[in-house]
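This briefing covers the pocket, the nonpolar core and the aromatic pairs of one structure. Please read it alongside the sequence and the coordinates.

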Amino acid sequence: MRMATDVTPLGDRLNSWMADHREQLDRMMTEEGSRAIHEEFMLAESGELPDRETRIERARAASARAWLRHLGQAIAAVWDRAPEGAAPQLEKAATSSVERVEALRLEEEAVLERRGVSGDPDDDHRRAFLVARARAFAEGIAEPLGFDPPTLSRDVGRWMREHVEDTRALENEARVQWAGQDLDRSTETEPRTAAVETESDDVRITEAASVFAHVRTLAGGLGELLDDEDAQPPSSA
């Protein structure tokens, strides 16, 4: 274990580390983009042509995987109680099964329906997916870090829902900042996939900003949850 030497809140340290190691994120974006293109090619070879919504979702999933892999590396690098050598396990948590993410997405959509939808079905669907992705990631990192997976997943879901307005503000800030950028050459916002190449810049910026904002919010939540001694099960003490 590393000794604690920095009193900066963990969430801030996670987000700072991710910003300072952007070249690592760029590499992961390229890798996840290549993976998505290969999957699309295999589907086309089998005669299965996804519709526009499915193609956008696949690009969104690729972007989320890259960002969450990056966050897993950040946790291993800056959290004082992260076990030595945990980075590969934490990064792997970003590649949760499609089935598990879908199950969590259905849970999030049910919660959303109880609380009231926003009036924008695309926005609601995107948020439910990204919160589900965050929860699946939490399940994956929980055991290596000494936490109970279902508990950390629920806590992350609750955090993401409670901070939805903060996430919206981050999205709006990112959209303004990225407006007018040549996204074909910008590796900091999204992976290159066949799905996004055919979309307008407005759609691509909206998708990229949403993933970016949700991961930043997740990092803030994990900063609170991982550093909460009471949140750890007795066996991890």
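A pocket here is an open set of grid points, on a 1 Å grid over the protein atoms alone, with protein on both sides within 12 Å along at least five of seven lines. Its volume is the space filled by probe spheres set on the points. The model is predicted. In this model, the largest pocket has a volume of about 430 Å³.

**Largest pocket**

- The lining of the largest pocket consists of 18 residues.
- Nearest the centre of the largest pocket lie Glu57, Arg58, Ala61, Val98 and Phe129.
- Four helices each supply at least two lining residues: H2 (22-45), H3 (52-78), H5 (98-115) and H6 (121-145).
- Helix H3 gives the most, with six residues of the lining.
- Sorted by class, the lining has eight charged, six nonpolar and four polar residues.

**His125**

- His125 is located in helix H6.
- Is His125 buried or exposed? His125 has a relative accessible area of 19%, and it is buried because the cut-off for that class is under 20%.
- Apart from neighbours within four places in sequence, His125 is in contact with Glu53, Glu57, Arg60, Arg105 and Glu109.

**Nonpolar core**

- In soluble globular proteins, nonpolar side chains tend to be buried together.
- The largest nonpolar core holds 55 residues.
- The members that touch the most other members of this core are Leu71, Ile75, Phe137, Ile141, Leu218 and Leu222.
- Ile141 is in contact with Ile75, Leu90, Ala93, Leu152 and Leu222, leaving aside its neighbours within four places in sequence.
- Two of these contacts, Ile75 and Leu222, are also listed among the core members with the most touching partners.

**Aromatic pairs**

- The count of aromatic pairs comes to three.
- In one of them, the ring centres of Trp79 and Phe147 are 6.3 Å apart and the planes are at 45°, so the pair is tilted.
- This pair links distant parts of the chain, with its two residues 68 residues apart.
- Trp79 is in the loop between H3 and helix H4 (87-92), whereas Phe147 is in the loop between H6 and helix H7 (149-162).
- Trp79 is buried at a relative accessible area of 2%, and Phe147 also counts as buried, at 6%.
- Ring pairs also link Trp67, Trp178 and Phe212 into a cluster.

Methods: Residues are numbered from 1 along each chain as its sequence is written. This is a predicted model: local features need pLDDT of at least 70, side-chain atom pairs count only at pLDDT 80 or more; totals for chains, interfaces and linings use all residues. Side-chain values use heavy atoms; hydrogens and water are left out. On a 1 Å grid over the protein atoms alone, a cavity is a set of points where a 1.4 Å probe fits but cannot get out, and a pocket is an open set with protein on both sides within 12 Å along at least five of seven lines; lining residues have an atom within 4 Å of a point. Ala, Val, Leu, Ile, Met, Phe, Trp, Tyr, Cys and Pro count as nonpolar, Asp, Glu, Lys and Arg as charged, and the others, Gly among them, as polar. A nonpolar core is a set of buried Ala, Val, Leu, Ile, Met, Phe, Trp, Tyr and Cys residues joined through side-chain atoms within 4.5 Å. Buried means under 20% relative accessible area, exposed over 50%, partly exposed in between (1.4 Å probe, protein chains only). Contact means heavy atoms within 4.5 Å. Rings of Phe, Tyr and Trp (its six-membered ring) pair if their centres lie within 6.5 Å; planes under 30 degrees apart count as stacked, over 60 as edge-to-face and the rest as tilted.
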